[in-house]
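The following questions and answers go through the structure shown below, one residue or pair at a time.

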Amino acid sequence: MFDQRNLLELRSPDYPGERLVACRNPELARLRGHKREDLLASTERNLAPIKARVDAGKLTGADAIGLRVGTVVNQYKVAKHFALSISDTTLSFARNAASIAAEAALDGVYIIRTSVREAHMDAPSCVRNYKALANVERAFRSLKTVDLKVRPIHHRLADRVRAHIFLCMLAYYVEWHMREAWRELMFADVDQEAKASRDPVAPAKRSKAAQAKAAQHTLDDGTPAHSFATLLTELSTIVRNTCRTPQAGPAAPTFEVVTTPNPKQKRALELIQQIQM
């Protein structure tokens with residue numbers, strides 16, 4: 001089914017009113033195949049010493065042998081892929097080719113369920129939106145640990161806890177707009193339009209410009225590329241000083257002087273001004 005395409009929409013009476021989008025990622029299939037082979041080979045290596053002890057008569061009894069074997073085959077969760085023969089004095093094992101082939105046939109295959117009608121979201125869009133859930137996970141990570149650190153919550157009343165969470169969500173909303181505006185200054189990929197047209201199932205690939213930024217850690221103008229945190233640190237050197245003329249008394253009027261931004265800071269502030277909400 002997946003020889004000619006990697007995406008197929010299905011219907012099933014087991015899921016009334018829902019659409020099923022079956023996908024096959026060949027890269028994921030190869031990765032799972034390699035991992036399974038490694039686990040099978042490791043299990044065989046661990047079973048070999050047990051068989052040697054049984055053959056030498058140093059380990060006898062079906063129960064004792066089975067206990068040792070069970071510990072090994074369950075270590076990597078591959079017991080279903082082995083055919084075992086255990087008696088009081090013998091042990092033999094071999095790979096279950098049928099079980100391995102049945103699992104391998106599903107390598108890289110996953111199915112997305114949705115109740116959204118095709119008129120509102122076609123099959124490729126379903127896959128793209130499913131993969132966009134990674135942005136939700138990134139947002140939670142930012143809220144909980146990286147940037148905003150919503151915890152600890154030093155509140156006891158329910159209304160105050162909800163207000164605390166609401167303010168953190170508003171803060172992340174501002175942060176999201178800042179990240180989007182600063183893409184050209186950070187390691188982020190500027191070419192976002194390609195996401196809407198590229199193969200939704202195939203592994204995502206960054207643009208050549210983004211790959212160059214990641215490899216060289218510099219922008220096109222030769223200046224350093226930033227993460228969100230380092231760009232904020234860069235901007236933190238801009239300060240507003242409240243000044244008073246020399247030798248003036250405490251009651252003398254004051255005036256404010258703002259640090260002159262460097263080119264990178266100036267560009268970052270210009271991009272902020274372009275944000276539209």
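Predicted model: local features only at pLDDT ≥ 70, side-chain atom pairs only at ≥ 80, totals over all residues.

Q: What distance separates the C-alpha atoms of threonine 60 and threonine 90?
A: Along the chain, threonine 60 and threonine 90 are 30 residues apart.

Q: Which residue forms a salt bridge with glutamate 18?
A: A search of the whole structure finds 17 salt bridges. Glutamate 18, in the loop between strand S1 (7–10) and strand S2 (19–24), is linked to a residue of strand S5 (residues 109–114) that is 95 residues apart from it. The closest N and O atoms of the pair are 2.9 Å apart, and the partner is arginine 113.

Q: Which residues are linked with Lys80 in a network of salt bridges?
A: Lysine 80, in the loop between H2 and strand S3 (82–86), and glutamate 103, in helix H3 (residues 97–104), are 23 residues apart, and their side chains meet in a salt bridge with an N to O distance of 3.1 Å. Lysine 80 is exposed at 51% relative accessible area, whereas glutamate 103 counts as partly exposed at 27%. The network that holds Lys80 also includes Arg36, Glu103 and Asp107.

Q: What is the distance between the closest N and O atoms of glutamate 256 and arginine 240?
A: Glutamate 256 lies in strand S7 (residues 254–258) and arginine 240 in strand S6 (residues 240–244), 16 residues apart. Glutamate 256 counts as exposed at 52% relative accessibility, and arginine 240 counts as exposed at 59%. A salt bridge requires a nitrogen within 4 Å of a carboxyl oxygen, and for this salt bridge the distance is 3.9 Å.

Q: Are the rings of tryptophan 182 and phenylalanine 228 stacked, edge-to-face or tilted?
A: The search of the whole structure finds two aromatic pairs. In the pair of tryptophan 182 and phenylalanine 228, the ring centres are 5.9 Å apart and the planes stand at 40°; because stacked planes are under 30 degrees apart and edge-to-face planes over 60, this pair is tilted.

Q: How many residues apart in sequence are the parts that tryptophan 182 and phenylalanine 228 tie together?
A: Tryptophan 182 counts as buried at 1% relative accessibility, and phenylalanine 228 likewise counts as buried, at 7%. Tryptophan 182 belongs to the loop between helix H6 (158–181) and helix H7 (208–216), and phenylalanine 228 to helix H8 (residues 228–235), so the parts tied together are apart in sequence by 46 residues.

Q: Which helix gives the largest share of the nonpolar patch?
A: Tyr130, Leu133, Val136 and Phe140 make a nonpolar surface patch of about 380 Å². One of these, valine 136, counts as partly exposed at 39% relative accessibility. The largest share of the patch, three residues, comes from helix H5.

Q: Is serine 142 buried or exposed?
A: Serine 142 also lies in helix H5, and, its neighbours within four places in sequence left aside, it is in contact with Asp147, Leu148, Lys149, Tyr172 and Glu175. With a relative accessibility of 5%, against a limit of 20% for this class, serine 142 counts as buried.

Methods: Residues numbered from 1 in each chain as written. Heavy atoms only, no water. Phe/Tyr/Trp six-rings, centres within 6.5 Å; stacked < 30°, edge-to-face > 60°. Helix = DSSP H or I, 4+ residues; strand = E, 2+ residues; numbered from the N terminus. Buried < 20%, exposed > 50% of the residue type's maximum accessible area, 1.4 Å probe, protein only. Patch = residues over 30% accessible without salt bridge, like charges linked within 9 Å, V, L, I, M, F, W, Y side chains within 5 Å. Areas by Shrake-Rupley, 256 points an atom, 1.4 Å probe, with all protein chains shown as cover. Contact = heavy atoms within 4.5 Å.
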